[in-house]
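Biologist: I'd like to learn how to read a sheet and its core. Could you walk me through one, please?

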Amino acid sequence: MKTQLEQRLVELRAEYESGQKILKDIEEKLVKLESGKKNLNETLLRISGAIELLEEVLGEESKSSTPEVSDSETSGSEVQEAESELKEVEVPPVIRLPLEHAVKKLEEAGLRVGNVGEKSVFVGGLRFGDVVQQEPRGGTHVDKGSAIDLIIAKKGKVKPNLSQNSVLSSFSDH
């Protein structure tokens, strides 16, 4: 029993010394990181000062070179452009959403669902009935009220090969 306790004491001392070395290394690295942080903060402060200075200089130049237009001088084409911008909306991305959620999200954006098709798709994490394609794509701008065509995943007649040698195996782990 005594030999086991002595052996354990030796192990604990070795572990303690190892931990002390690691702690010392970490403390040295922290000192270096703090020094690097201080240098980076000083550099960023100089850069932000330069940015402010350049923005002031450019702001003064653009104000002096750009004639101001009063509201009464706005042309008809400018009004039409402003109105068309109000009618345009961004298409929200609805891929991987269930059809019901996709429809709701599109309607909330002022759009409507156009044609809905089905496609047999075998991708991990995708449920049958989820949107797999949309046209136009999410992020594009279209007129308010435009139709967005959707393709949803449907069950196929063939079970996919998910063996390790299969192309689909990398998708089945997700």
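Biologist: Which residue in strand 5 is the bridge partner of Val131?

Modeller: A few ground rules: this is a predicted model, where local features need pLDDT of at least 70, side-chain atom pairs count only at pLDDT 80 or more, and totals for chains, interfaces and linings use all residues. Residues are numbered from 1 along each chain as its sequence is written, and side-chain values use heavy atoms, leaving out hydrogens and water. Now your question: the partner of Val131 is Ile152.

Biologist: How do strands pair, and how many bridges join strand 3 to strand 5?

Modeller: Strands of a sheet pair through backbone hydrogen bonds, either parallel or antiparallel. Here strands are DSSP runs of E, at least two residues, and helices runs of H or I, at least four, numbered from the N terminus; two strands pair if DSSP finds at least two bridges between them. Strand 3 and strand 5 run antiparallel, joined by four bridges.

Biologist: What is the strand order in the open sheet?

Modeller: The order is 2-5-3, with mixed pairing. Strand 2 (112-120) and strand 3 (131-135) each have a single partner strand, so one side of each lacks a neighbour in the sheet.

Biologist: Which residues make up the largest nonpolar core?

Modeller: Such a core is a set of buried (under 20% relative accessible area, 1.4 Å probe, protein chains only) Ala, Val, Leu, Ile, Met, Phe, Trp, Tyr and Cys residues joined through side-chain atoms within 4.5 Å. The largest here has 11 residues, including Val131, Leu150 and Ile152. Helix 3 (99-108) and strand 5 (147-154) each supply at least two of its residues, and strand 5 gives the largest share, three.

Technical notes. Buried < 20%, exposed > 50% of the residue type's maximum accessible area, 1.4 Å probe, protein only.
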